[in-house]
Protein chains: 2
Amino acid sequence: MVVTKFNEVLPKATAKRLPQYYRIFKQFVADKIERTNSQAIAAKLGVDSATVRRDFSLFGELGRRGYGYDTAVLRDFFSDLLGDSAETNIALVGVGNLGRALINYRFHDRNKMRITQAYDVAGNLLVGTTTDDGIPVYNISDIKKNLPNSDIETAIISVQTDKAQKVADILIDAGIKGILNFTPHRLEVPDEITVQSVDLTSELQTLLFFMNDKKETAKKK
Amino acid sequence: MVVTKFNEVLPKATAKRLPQYYRIFKQFVADKIERTNSQAIAAKLGVDSATVRRDFSLFGELGRRGYGYDTAVLRDFFSDLLGDSAETNIALVGVGNLGRALINYRFHDRNKMRITQAYDVAGNLLVGTTTDDGIPVYNISDIKKNLPNSDIETAIISVQTDKAQKVADILIDAGIKGILNFTPHRLEVPDEITVQSVDLTSELQTLLFFMNDKKETAKKK
């Protein structure tokens, strides 16, 4: 468990910002910017700089007073924290439009994560073939046979909502420890399994909420 | 601007949970559960119950001591807060695999949001046609002509990363006020425009972080 310098559990909101900090510092290094400060980081992230300073303070002294943050040092720090030094192979279940989009999505370009196996039901014409990127598409009934013989512990579910729980059960049975769930179905899983859900309806509602909020604020001015 | 009962700006983390509260209360009502408590809500959301009580306390008295929360009352409260009583029409730009998945995604099933126009470049074979769901796919050059004559203020960008900024500029020029961005590109927009980004790499990294965290915790036990 990642703990803060105060030996406390890292707040979930901070944990969710770690990939964004990592991305920002990689970008700084790529842009040959050697040092930065909390204001610049906050601006890129869309939060206030106090949030950035509070997050960073949880890890001890990441910067130096009067200097700011060394971008390469911070990039490596977040890379280690996120375990991005190790290769992560991922199985994807559900090769419809969304699944195909995810296979084409370049997770691997700047990170060591890649989809290496895909699954769908026999009715999907891609089953038994290999995608242009060289990813084999297997029948879903092969999960139990394939996964325990692989190093894959992570899966993406991009099937129809009413199939999500059944697919999750099969994946967990085959040794999967973490699931990225693209369906609105709230998966029920044992405690030792981690689920991250991408709820597209929520994302859209959040956008509309902030749009309305901005409109109301403008009216009051 | 939505303010708390203390007349303060609603914390962003709370704002982001509003769609989830709304979804949970709709589900409770659908399941004929008439009242509930912060523990049950927290369990469904995957946060602790103190977070739920703190969020709700910002809005004043949503529940009654010794009774809990009336699910229908809370559903309506969050519906109003999210503006879900009004229809929201949305334009989508980028009808590749992801765009097609989003068109098929049933945002509208339980909410009043729907994609009503789609756009792509002339090279996309769908341009000039209408999808199975009846959504017209226009040439991207028609944005400037179509959008100002519509009630659409919200757009989804699901184009290639290197096209995202250009598409955003065109949309904003045509009167769009809010963008749901599916590319990893961080859009630069004027202050009055709202952007919500769905960063799939971050979602995956967050999953891996929590998986590793759980593994480390298990080891220490």
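Predicted model: local features only at pLDDT ≥ 70, side-chain atom pairs only at ≥ 80, totals over all residues.
Local features are given for pLDDT of at least 70, side-chain atom pairs count only at pLDDT 80 or more, and totals for chains, interfaces and linings use all residues. Residues are numbered from 1 along each chain as its sequence is written, chains are lettered from A and ligands numbered from 1 in the order in which they are written, and side-chain values use heavy atoms, with hydrogens and water left out.

## Domains of chain A

Chain A is assigned domain 1 (12-81) and domain 2 (88-201). The bounds come from an automatic or database domain assignment. The centres of the two domains of chain A, taken over C-alpha atoms, are 31 Å apart.

## The sheet of chain A

Helices (H or I, at least four residues) and strands (E, at least two) are DSSP runs, numbered from the N terminus. Two strands pair if DSSP finds at least two bridges between them.

In chain A, 6 strands make an open sheet. Their order is 5-4-3-6-7-8, and the pairing is parallel. Strand 5 (137-139) and strand 8 (194-197) of chain A are the edge strands, and each pairs on one side only. Neighbouring strands are turned by 25° against each other on average, direction ignored. Axes here are lines fitted to C-alpha atoms, for helices over the stretch in contact; angles run from 0 to 180 degrees between N-to-C directions.

Helix 7 (residues 164-173) of chain A packs on this sheet. This helix touches strand 3, strand 6 and strand 7 (178-181) of chain A. Contact means heavy atoms within 4.5 Å. The direction of helix 7 makes about 165° with that of strand 6 of chain A.

What covers the picture for strand 3 (residues 88-93) of chain A: buried or exposed residues? In this strand, 6 of its 6 residues are buried. Buried means under 20% relative accessible area, exposed over 50%, and partly exposed in between (1.4 Å probe, protein chains only). Both faces of strand 3 of chain A are covered. A:T88, A:I90 and A:L92 lie on one side, with A:N89, A:A91 and A:V93 on the other.

Strand 3 of chain A has parallel partners. It is joined to strand 4 (residues 113-120) of chain A by 6 bridges, and A:N89 stands opposite A:R114 there. With strand 6 (residues 154-157) of chain A it pairs over 4 bridges, and A:L92 faces A:I156. Further out, 3 bridges join strand 4 of chain A to strand 5 of chain A, again parallel. A:Y119 has A:Y138 in strand 5 of chain A as its bridge partner.

## The sheet of chain B

Chain B has an open sheet of 6 strands in the order 5-4-3-6-7-8, with parallel pairing. Strand 5 (137-139) and strand 8 of chain B each have a single partner strand, so one side of each is left without a neighbour in the sheet. The twist averages 25° from one strand to the next. Strand 7 (residues 178-181) and strand 8 of chain B are joined in the parallel sense by 4 bridges. B:N181 stands opposite B:S197.

B:T194 belongs to strand 8 (residues 194-197) of chain B. Why does B:T194 count as buried? Because its relative accessible area is 7%. B:T194 touches residues of both letters: A:L207, A:F210, A:M211, A:K214, B:K177, B:G178 and B:I179, not counting residues up to four places away in sequence.

## Aromatic pairs

Rings of Phe, Tyr and Trp (its six-membered ring) pair if their centres lie within 6.5 Å; planes under 30 degrees apart count as stacked, over 60 as edge-to-face and the rest as tilted. The count is 24 aromatic pairs over all chains. Here are two of them in chain B.

| Pair | Centre to centre | Angle between planes | Type |
|---|---|---|---|
| B:F25 and B:F78 | 5.9 Å | 15° | stacked |
| B:F56 and B:Y69 | 5.1 Å | 85° | edge-to-face |

B:F25 in helix 1 (residues 12-30) and B:F78 in helix 4 (residues 71-81) of chain B are 53 residues apart. Both B:F25 and B:F78 are buried. B:F56 in helix 3 (residues 49-57) and B:Y69 in strand 2 (residues 69-70) of chain B are 13 residues apart. B:F56 and B:Y69 are buried too.

In chain A, ring pairs link A:Y21, A:F25, A:F28, A:F56, A:F59, A:Y69, A:F77 and A:F78 into a cluster.
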